[in-house]
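Please read it beside the coordinates.

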Amino acid sequence: MSEVLDEVEGLEPETSGEVEGQEAGPEPVVLQGTQAGTVSAERVDILESSVERVEAATANVEQSMVRTIDADEVRMSQSGAISAEAALIEITRGGIVFAQGQSVTLNQGGAGAVIAEQAQVQDGFVGLLAAKEVSGETRILFDVRAAVVFGLIVGTVMGLLGAFLGRRS
């Protein structure tokens, strides 16, 4: 781990600070107890850190916060993210605002919106879920049909209110 961090801005593993524009070769980039800007590598392992953006084939995130993840595979544990786009997304005891992928698995966590071919949710909550296949025990606020109906109702009510209030003026 020390060699990878030494190559990136000369940081030692226990050093806290912002690391911008990290790029690495075949060795994984390991971030522990630090802050980073954009991190690009084949594999990125993040532990107890805060990262703006991750671009990787594989991203493993534990007890950390990441703003944006763009990867082939994302595994998060006790972590949070604003958005992730990957073929495979697995979130355990964590949360995400927006997840998009072929397969999204949420275990004891929450998501604002999930768009996937296949979604599996165990003991979790999803605000908006759009998936071809859904399995598991979950609480879903809106699926695609409910969101469309809700939008139509709100649009109709707002249109009628606008027309009614417009006549009174």
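1. The structure contains 7 salt bridges, a salt bridge being a side-chain nitrogen of Lys or Arg within 4 Å of a carboxyl oxygen of Asp or Glu. This is a predicted model, in which local features need pLDDT of at least 70, side-chain atom pairs count only at pLDDT 80 or more, and totals for chains, interfaces and linings use all residues. Residues are numbered from 1 along each chain as its sequence is written, and side-chain values use heavy atoms, with hydrogens and water left out.

2. Arg43 and Asp45 form a salt bridge, N to O 2.8 Å. Asp45 is buried at 16% relative accessibility, whereas Arg43 is partly exposed at 39% (buried means under 20% relative accessible area, exposed over 50%, partly exposed in between; 1.4 Å probe, protein chains only).

3. A salt bridge joins Glu55 to Arg53, with the closest N and O atoms 2.8 Å apart. Glu55 is partly exposed at 30%, as is Arg53 at 27%. Asp70 is linked with Arg53 and Glu55 in a network of salt bridges.

4. Which residues does Val54 touch, not counting those up to four places away in sequence? They are Val39, Val44, Ile46, Ala59, Val66, Thr68, Ile69 and Asp70, where contact means heavy atoms within 4.5 Å.

5. In strand S3 (residues 29–32), Val29 and Leu31 make up the covered face, while Val30 and Gln32 lie on the uncovered one. Strands here are DSSP runs (E, at least two residues), numbered from the N terminus.

Methods: Helices (H or I, at least four residues) and strands (E, at least two) are DSSP runs, numbered from the N terminus.
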